Amino acid sequence: MLGAINKILKHSAVDGPGNRFVIFFQGCNFNCSYCHNPETIQVCPTSSSPKVNYLSVSCIMEQIEKVKHFISGVTISGGECTLQYDFLKKLLIECRHKNISTFIDTNAHLEFEKMKELSLYFDKAMPDIKVFNENQHFKLTGKLPDLVFKNIEFLLQRNKVYEIRTVIYPEIDYKETVEKVSSLIAKLNKAVTYKLIKFRNYRAHLNLQSPSDKTMLELKDMAENLGCSNIMIT
Amino acid sequence: MSNILNIIKNKQLTHEQKVTSLSREAENTLDVLHLSPKIKEFMEKKIICDLFEGNAPYRPRYILPNYEKFMNQGSKFLKLDVPTNLYEAVNNLLILYKHTPSITNFPVFLGEIDKLLEPFIENEQEAYSIIKLFLTHIDRTLTDSFVHANIGPEETKAGMLILKAEAELVNAVPNLTLKYSAKTSDAFALEAIQTGLKAAKPYFANHNLFTNDFGYNYGIASCYNGLPTGGGSYTLTRMNLKNLSFESTGIEDFLNTILPKGVRLMCEMMDKRIQFLVEESGFFESSFLVEEGLISKERFTAMFGIHGLAECVNHLIKAENIQDKFGHSKKADNLGLKIIQHLEKEVNEHHNKYCEVSNHQFLLHAQCGIGTDVCTTPGCRIPAGEEPELLDQIMQASQFQKYFPSGVSDIFTFDETASKNPKYVLDIIKGAMKSDLRMFSFYTKNNDLIRITGYLVKRSEMEKYRNGEKVLKDTVELGVASSKSFNIDKRKLIQTNN
């Protein structure tokens with residue numbers, strides 16, 4: 001079994017706590033207009049993408065072994081890693097056998113039963129919540145948010161969330177989103193960090209400005225007032 | 001004579017810097033070592049270098065007094081009683097520092113200052129103020145970046161206060177090392193990392209490796225030199241492996257003929273320097289440090305330095321493309337290792353009767369370079385700008401660092417986001433230590449205080465010097481020259497924000 005892998009980083013300071021080995025899977029079921037890894041969205045149906053490597057779990061584990069003394073663990077990102085479900089599960093199980101901690105970046109838009117099963121094999125998830133409003137979510141990603149919230153609620157209850165991220169994108173009012181997410185965190189697991197990420201214009205065709213510091217601080221204050229104590233603005 | 005007059009008239013030198021320079025001129029009018037013509041030939045070819053130690057050594061190059069003994073007994077000569085509180089402890093140390101010579105005429109080792117001060121810490125707020133004054137006093141009066149203090153490995157209140165003070169003060173002096181081991185708490189290490197990202201210090205020293213080489217009584221002095229406490233090093237000389245390789249006809253000739261010849265000649269030079277110092281200078285007969293048991297001849301060794309390994313290897317295998325060069329190719333790295341192993345064998349075969357503490361052998365040292373070096377990388381480092389990916393660089397360096405007990409280091413440059421995830425840096429350091437890296441040094445790229453090749457200098461001070469202004473630290477001039485010679489600004493930046 002091979003996985004479609006866009007990139008591997010042997011060290012990263014921004015993909016979870018400590019230094020982490022990061023694997024970026026190719027392919028995503030969302031199509032966010034502000035994605036800062038747009039090259040990871042598509043998967044060539046005939047496996048002809050020149051920048052994608054098809055690797056086995058053992059090949060990846062070999063690379064992890066070489067640097068295991070330098071890392072707190074492995075983060076599996078993308079793209080959307082849960083799309084390659086069987087491969088991901090095998091990789092997570094291998095890491096567990098070697099006592100290597102695993103975090104997954106995910107949009108949490110995975111069938112609920114599969115998410116339940118997968119959660120047995122990873123240590124923590126770092127899910128994104130794009131936006132609460134159905135119409136806005138569909139407009140932004142091409143999907144509805146119900147499954148995302150159902151999965152995240154489940155993961156929070158099982159203490160399987162390290163942090164939740166929301167990119168604060170211009171043209172959308174995030175008050176409702178931040179309110180819903182903060183309340184969920186405050187109710188189910190106060191230790192979880194809520195990361196509010198300022199949109200940055202990585203794609204030249206988007207004629208958009210980053211939100212102001214004032215906007216970001218207002219959202220942070222709201223989250224704190226709702227009982228969410230670990231808010232980070234980046 | 002014109003040199004002396006130039007020193008006297010030099011408006012860019014402080015009074016103290018003039019006095020030091022004049023004393024060197026006086027010493028260098030002598031010719032008492034009687035070096036052989038072959039040694040002089042290799043010196044003229046810039047294969048062997050005495051690092052301007054002087055023609056008539058009158059004190060050991062590096063002295064590491066037993067400060068613990070001093071604090072327990074006071075000093076008859078200095079009329080100092082055993083300290084009873086933090087003020088007296090700090091005062092006693094500052095006084096002894098002023099009477100501890102070295103090649104720079106400043107002390108190169110200040111002791112394990114956390115352990116020395118810990119017994120006197122009562123009120124932490126007051127202690128913090130005193131420690132800040134202590135460190136500021138050191139920075140403003142021991143005006144040389146080779147002045148070096150140690151802390152660790154265990155966390156102490158004093159150690160934490162010292163780290164916090166260093167992060168606040170951001171002074172170039174003293175240089176600082178944290179002896180790091182499994183006994184170092186993560187909290188202490190993380191505090192050291194946060195200080196390091198602001199102030200380019202401390203080094204993280206592999207305490208296990210050093211204790212294997214020296215036992216527990218060792219200190220890290222000057223640049224990054226591991227040496228016995230209660231003693232030190234008589235001398236440090238260095239061999240330019242690049243220039244030595246130009247004497248050879250190929251790899252086998254280099255390993256079997258030229259390298260042994262170079263080692264023999266440099267050992268001969270070192271023997272002469274040590275002999276003069278021990279038998280004729282009168283240092284060990286007259287120094288109160290010896291009389292009061294703070295140092296003894298039996299605890300001195302000597303350092304056989306090398307530099308330019310990268311260029312030596314690249315020359316011998318005629319590597320031109322980066323993928324074939326030292327640091328990037330197994331063939332090149334394996335040759336580098338073979339050279340160091342041959343070197344170690346040759347140096348270990350030499351016997352000096354005055355180096356009792358190191359089994360009468362000289363200790364290998366990876367010399368950090370001087371500003372006049374041309375296209376010659378310090379020690380066994382990979383040239384700045386050619387470094388491979390971070391973890392590959394650490395694992396490559398680890399293969400070499402274990403051969404250099406008396407000093408070696410590699411320097412890593414992080415961007416500003418590392419300070420938001422100091423555990424990232426700690427994970428890397430832990431991995432480095434497990435890989436047998438001896439010394440891990442780092443700083444944040446755009447900070448004012450940076451590590452040059454082993455010592456610390458402020459960019460703003462170097463700018464002042466370039467503009468013809470006076471500067472307090474004599475090492476600023478060295479920093480200006482070395483920054484250029486070693487392409488310090490081309491050092492690979494470890495970007496943490498992908």
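Biologist: β9(B) and β10(B) pair in the parallel sense over four bridges; which residue of β10(B) stands opposite B:G305?

Modeller: This is a predicted model, so everything said here is computed from its atoms. Strands of a sheet pair through backbone hydrogen bonds, either parallel or antiparallel. Between β9(B) and β10(B) the sense is parallel, and the residue of β10(B) opposite B:G305 is B:H365.

Biologist: Are the side chains of strand β10 (residues 363-366) of chain B buried or exposed?

Modeller: In a regular strand the side chains alternate between the two faces of the sheet. In β10(B), B:L363 and B:H365 point one way, while B:L364 and B:A366 point the other way. Whichever way they point, these four residues are all buried.

Biologist: How many residues of strand β8 (residues 231-240) of chain B are buried?

Modeller: Strand β8 of chain B has several pairings: besides the parallel one with β9(B), three antiparallel bridges link β8(B) to strand β2 (residues 62-64) of chain B, where B:Y62 stands opposite B:S233. Strand β1 (residues 48-49) of chain B also runs antiparallel to β8(B) and is joined to it by two bridges, with B:I48 partnered by B:M239. β8(B) is mostly covered, and the number of its residues that are buried is 10 of 10.

Biologist: Why do β3 (148-151) and β15 (493-494) of chain B each have one side without a neighbour in the sheet?

Modeller: Six strands of chain B form an open sheet of mixed pairing, in the order β3-β4-β5-β12-β11-β15. β3 and β15 stand at the edges of that sheet, so one side of each is left without a neighbour, and the reason is that each has a single partner strand.

Biologist: Which residue of β5(B) is the bridge partner of B:K179?

Modeller: Strand β4 (residues 175-180) and strand β5 (residues 203-206) of chain B pair in the parallel sense, with four bridges between them. For B:K179, the bridge partner in β5(B) is B:A205.

Biologist: Is B:H15 buried or exposed?

Modeller: B:H15 belongs to helix α2 (residues 15-27) of chain B. Its relative accessible area is 58%, and since the cut-off for that class is over 50%, B:H15 counts as exposed.

Biologist: What radius of gyration does chain A have?

Modeller: The secondary structure of chain A comes to seven helices and nine strands, and its C-alpha atoms fill a box of roughly 45 × 40 × 35 Å along the principal axes. Of its 234 residues, 52% count as buried. A compact globule with 234 residues would have a radius of gyration near 17 Å, and chain A agrees with this, because its own value is 17 Å.

Biologist: How many charged residues are in the lining of the second largest pocket?

Modeller: This pocket holds about 1,400 Å³ of space and is lined by 46 residues, of which A:V14, A:H36, A:R165, A:K195 and A:I197 lie nearest its centre. Four strands of chain A, namely β5 (102-106), β7 (163-168), β8 (193-198) and β9 (231-233), each supply at least two residues of that lining. The lining divides into 18 nonpolar and 16 polar residues, and the number of charged ones is 12.

Terms used: Residues are numbered from 1 along each chain as its sequence is written. Chains are lettered from A and ligands numbered from 1 in the order in which they are written. This is a predicted model: local features need pLDDT of at least 70, side-chain atom pairs count only at pLDDT 80 or more; totals for chains, interfaces and linings use all residues. Side-chain values use heavy atoms; hydrogens and water are left out. Buried means under 20% relative accessible area, exposed over 50%, partly exposed in between (1.4 Å probe, protein chains only). Two strands pair if DSSP finds at least two bridges between them. On a 1 Å grid over the protein atoms alone, a cavity is a set of points where a 1.4 Å probe fits but cannot get out, and a pocket is an open set with protein on both sides within 12 Å along at least five of seven lines; lining residues have an atom within 4 Å of a point. Grid points are joined across faces, edges and corners, and a volume is the space filled by probe spheres set on the points. Ala, Val, Leu, Ile, Met, Phe, Trp, Tyr, Cys and Pro count as nonpolar, Asp, Glu, Lys and Arg as charged, and the others, Gly among them, as polar. The radius of gyration is taken over C-alpha atoms; the globule rule is 2.2 Å times the number of residues to the power 0.38.
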